[in-house]
Amino acid sequence: MKIAVVTGASSGLGREYVRQIAKGFPEIEEIWVIARRLERLEALAVEFPQKKIRPIALDLTAPESFEAYRSLLLEEKLEVRILVNNSGCGTFGDFIEAQTASQVAMTQLNVTALTAMASLTLPYMRRGAFLVNISSIASFVPTPGMTVYCSTKAYVQSFSRSLAFELKKEGILALAVCPGPMDTEFLDVAGITGRSKTFTKLPRVDAAKVAEASLRAAAKGKTVYTARFIYKFYRVLAKILPHRLLMHLSRIS
Ligand SMILES: NC(=O)c1ccc[n+]([C@@H]2O[C@H](COP(=O)([O-])OP(=O)(O)OC[C@H]3O[C@@H](n4cnc5c(N)ncnc54)[C@H](OP(=O)(O)O)[C@@H]3O)[C@@H](O)[C@H]2O)c1
């Protein structure tokens with residue numbers, strides 16, 4: 001059976017990936033949707049009746065979740081055509097003021113879980129399959145005010161590009177998606193809504209368009225995808241200007 005796996009499918013960008021895969025990938029027979037909120041995942045089955053949806057409630061910061069996922073993969077003869085590693089969170093504020101637990105949990109979700117999901121899934125992927133790892137424009141330049149977040153997303157970008165290089169001979173593709181600010185629950189969870197002047201001013205990116213265009217980019221073998229001209233330009237600037245200067249621009253306040 002050919003399947004797609006989407007983490008963080010219960011809201012925002014992840015939900016849009018489920019929508020796009022249900023619409024645009026007829027060869028996928030089932031979509032496994034992973035997050036903590038089971039009722040939200042179950043609602044996806046009602047929302048997208050054209051595709052078999054399998055809700056899987058897992059907290060990806062808990063190591064036992066990886067064992068549970070490993071066992072599910074062993075249940076039947078599977079081929080994973082798409083893995084969207086999308087579960088992620090951020091926190092707004094300087095590191096010195098942050099709770100240790102929140103910073104560690106963010107690292108576990110954005111880095112450890114993403115790595116574990118890729119590692120557990122790859123043995124079930126064949127030529128033409130692709131991994132879509134959600135990074136951020138925060139990966140381009142260190143972002144004071146979201147120090148751990150930008151560091152985790154820099155990991156995701158580096159991991160994806162290096163993995164794409166390694167996987168060339170297997171014909172498996174890997175893409176780092178680098179969205180700018182999207183109006184999703186992320187902003188509330190991170191404590192950004194109503195508190196950050198920077199975020200109020202930044203142009204928004206549409207989650208549905210990011211999901212659709214990044215899946216196309218992944219299928220074409222691109223390794224990094226950024227939406228909107230302004231953020232593509234920012235990525236170019238980040239390659240040519242010193243980061244100690246750019247950090248005055250990237251600082252979140
Ligand atoms: N929104 C932005 O401005 C923005 C910009 C750049 C990049 N991103 C990235 O885009 C990705 C999607 O974020 P979003 O904007 O769609 O935010 P969102 O609406 O808050 O979605 C985050 C998803 O991650 C899941 N999640 C959170 N903690 C989890 C855990 N412990 N275990 C399993 N799943 C967990 C959430 O589901 P449950 O709560 O049900 O577990 C939810 O489905 C993230 O990687 C984020 O870093 C967002």
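## Ligand shell, sheet and helix packing

The shell around the ligand is made up by class of 12 nonpolar, 13 polar and five charged residues, where Ala, Val, Leu, Ile, Met, Phe, Trp, Tyr, Cys and Pro count as nonpolar, Asp, Glu, Lys and Arg as charged, and the others, Gly among them, as polar. The model is predicted, so that local features need pLDDT of at least 70 and side-chain atom pairs count only at pLDDT 80 or more, while totals for chains, interfaces and linings use all residues. Residues are numbered from 1 along each chain as its sequence is written.

Of the 30 residues around the ligand, the nearest are Gly-8, Gly-12, Arg-36, Gly-88 and Phe-186; a residue is near a molecule or strand if its C-beta atom, placed from the backbone, lies within 6 Å of it. Two or more residues of this shell are given by each of helix H1 (12-24) and helix H6 (186-189), and H1 supplies the largest share, three residues. Helices (H or I, at least four residues) and strands (E, at least two) are DSSP runs, numbered from the N terminus.

The open sheet has seven strands in the order S3-S2-S1-S4-S5-S6-S7, with parallel pairing, and two strands pair if DSSP finds at least two bridges between them. Strand S3 (52-57) and strand S7 (224-226) stand at the edges with a single partner strand each, so one side of each is left without a neighbour in the sheet. The twist averages 20 degrees from one strand to the next. Strand S2 (residues 30-35) is joined to S3 by six bridges, and Ile-34 has Ile-56 in S3 as its bridge partner.

Helix H4 (residues 100-121) packs on this sheet, touching strand S1 (2-7), strand S4 (79-85) and strand S5 (130-134). Two of its angles are tabulated here, with axes taken as lines fitted to C-alpha atoms, for helices over the stretch in contact, and angles running from 0 to 180 degrees between N-to-C directions.

| Pair | Angle |
|---|---|
| H4 and S4 | about 175 degrees |
| H4 and H5 | about 10 degrees |

The axes of H4 and helix H5 (residues 147-167) are 10 Å apart. H4 is therefore roughly parallel to H5, a term for angles under 35 degrees. The residues in contact (C-beta atoms, placed from the backbone, within 7 Å) include Met-106 and Leu-114 of H4 and Val-156 and Phe-159 of H5.

Arg-228, in the loop between S7 and helix H9 (229-240), has a positive phi of about 75 degrees although it is not a glycine.

Key: Contact = placed C-beta atoms within 7 Å. Parallel < 35°, antiparallel > 145°, perpendicular 65-115°, else oblique.
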